[in-house]
Structure formats: structure tokens, C-alpha cells
Amino acid sequence: MRATGALISLGAAALVAGGYFISATEAPSPAAAGSDLCNVGSCEHAAVDRVIDGDTLDVLIDGDTRRVRVLGIDTPETKKPGEPVECFGPEATARAEALLPHGSPVTVVTDDRADTIDKYGRDLRHITIGDDNLGQVLVSEGYAQTTTFPHSLAEQYSQAETTARDQGHGLWGACA
């Protein structure tokens, strides 16, 4: 198992994710990385209030708390009523908590190619932390798998999932 505190560094030289190295030529596109993610929809600046689980968090925007479901990914369940905790769910939640400490600034991004609200009334958004795209990070490290719902980053997420699965990262090595 890899430590849940794996280093993420998006820079000109490299991306280190979940303990493996990706050269700059293999790094995700800027939109996938998060630095230019606002071009897929509209952006709002927010602060993390709390992490619910690996793919859901509460954010504060202009003094209001909003529940956000990270668009395009699905992490194993840890808090679904009447359901057991799924394999690698606690690790996915811990990773999200490490990436999203209380009060940290994030950008929530709508996606013009996706729904904006899910059936539970949560905002569906991409989340960026500085120049990092949370969904891309979690999929690349094996803490999440992609969803089949349409969105602008589906191809990038699918490629990241294939790599994580092929290399046995995260849930792909732990829950097989």
C-alpha cells in the first residue's frame, strides 16, 4: 500500500503521484491539471469547510455552505446509509482530507458539458487546489474511478484511470 500522503507536484519538470513518476511530456493537459480549468465552465472561489468523503465536500462561498460532489469521479463509499464501508473508502477519504484541509482555498468549476446538480441536490463541480485538479489527482493515484456521466475531462480521467489500473495503484491493487 502507498502512503495516503503521497506527494503531488505539478510543475514544469514532473508530476509525482501516488509514488510513481510521470515525465513532463506525459503530464496532463493544463485543463486536466487545473491551471486553466475555468475554460470548461465558470469558476467560483471557495474555502473548504469539511470533507464528507473522498468525492464530496462542503465549501464556503460568500458565507454560504454548499455541498459539492466532485464531477467525473467516484470514490469507494464510507458513509452511505445502510451500506458497508467499501474497500479503499477510508483511504480515499483520508487522501481527500489531506489535500483539502479545513479553510484551504479551492476553486469550484462548473462544466458546460455536464449537469450542475445531482439527484441528491449537491453541486456537481470540478475542484482545483492551486494548479491541481482534485479529480485528476484522485483518479491518477487510484483513490477514485471515473464515472460514465459526460463532462469535459472524461478522456483525461479515463486515461489516468487506465494507467492507475494497469500499474495497480490504490484501489486497483488493494481491492482486486
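Strands here count as paired if DSSP finds at least two bridges between them. Helices (H or I, at least four residues) and strands (E, at least two) are DSSP runs, numbered from the N terminus. Select Ile129 and its bridge partner in β9, Asp132. Then click Gly130: in this hairpin, with two residues between the strands, Gly130 has a positive phi near 60°.

Before moving on, note what is loaded. This is a predicted model, in which local features need pLDDT of at least 70 and side-chain atom pairs count only at pLDDT 80 or more, while totals for chains, interfaces and linings use all residues. Residues are numbered from 1 along each chain as its sequence is written, and side-chain values use heavy atoms, with hydrogens and water left out.

Now select all of β8, residues 123-129. Is this strand mostly covered or mostly open? Mostly covered: six of its seven residues are buried. Buried means under 20% relative accessible area, exposed over 50%, and partly exposed in between (1.4 Å probe, protein chains only).

Val108 has Ile127 as its bridge partner in β8.

Two bridge pairs to pick out are Val68 with Asp123 and Val70 with Arg125.

## On to β4

From β5, step to strand β4 (residues 56-61). Six bridges join β4 to β5, and the two run antiparallel. Asp58 stands opposite Arg67 in β5. Which turn residue of this hairpin has a positive phi? Select Asp62: its phi is about 50°, and two residues lie between β4 and β5.

## Helix α2

Select helix α2, residues 89-99. Colour its buried residues: Gly89, Ala92, Thr93, Arg95, Ala96 and Leu99. They cover an arc of only 160° around the axis, so they sit on the same side of α2. The arc is that of the directions from the helix axis to the C-beta atoms. What do these buried residues pack against? Their neighbours are β3 (43-53), β8 and α3.

Zoom in on Thr93, in helix α2. Thr93 is buried, at a relative accessible area of 8%. Show its contacts (heavy atoms within 4.5 Å). Leaving aside neighbours within four places in sequence, Thr93 is in contact with Val51, Ile52, Asp53, Gly54, Thr78 and Lys79.

## Helices α3 and α4

Select helix α3 (residues 134-141) and helix α4 (residues 154-166) together. Their axes come within 7 Å and cross at roughly 25°. That makes α3 roughly parallel to α4. Axes are lines fitted to C-alpha atoms, for helices over the stretch in contact, and angles run from 0 to 180 degrees between N-to-C directions. Angles under 35 degrees count as roughly parallel, over 145 as roughly antiparallel, 65 to 115 as roughly perpendicular, and the rest as oblique.

Show the side chains where the two helices meet:

- From α3: Gly135, Gln136, Val139 and Ser140.
- From α4: Gln156, Tyr157, Ala160, Glu161 and Ala164.

By class, the contact of α3 with α4 has four nonpolar, four polar and one charged residues. Ala, Val, Leu, Ile, Met, Phe, Trp, Tyr, Cys and Pro count as nonpolar, Asp, Glu, Lys and Arg as charged, and the others, Gly among them, as polar.

## Two alanines

Select Ala114, in the loop between β7 and β8. Ala114 counts as buried, at 17% relative accessibility. Not counting residues up to four places away in sequence, Ala114 touches Leu71, Pro150 and His151. Draw a C-alpha to C-alpha distance from Ala114 to Pro150: 5.8 Å, across 36 residues of sequence.

Now jump to Ala176, in the segment after α5 (171-174). Buried or exposed? Ala176 is exposed, with a relative accessible area of 96%. Ala176 and Arg165 are eleven residues apart in sequence, and their C-alpha atoms are 10.0 Å apart.

## Zoom out

Show the whole chain. It has five helices and ten strands. Buried residues make up 48% of its 176 residues. Among contacts between residues at least 6 apart in sequence, 61% join residues at least 24 apart.
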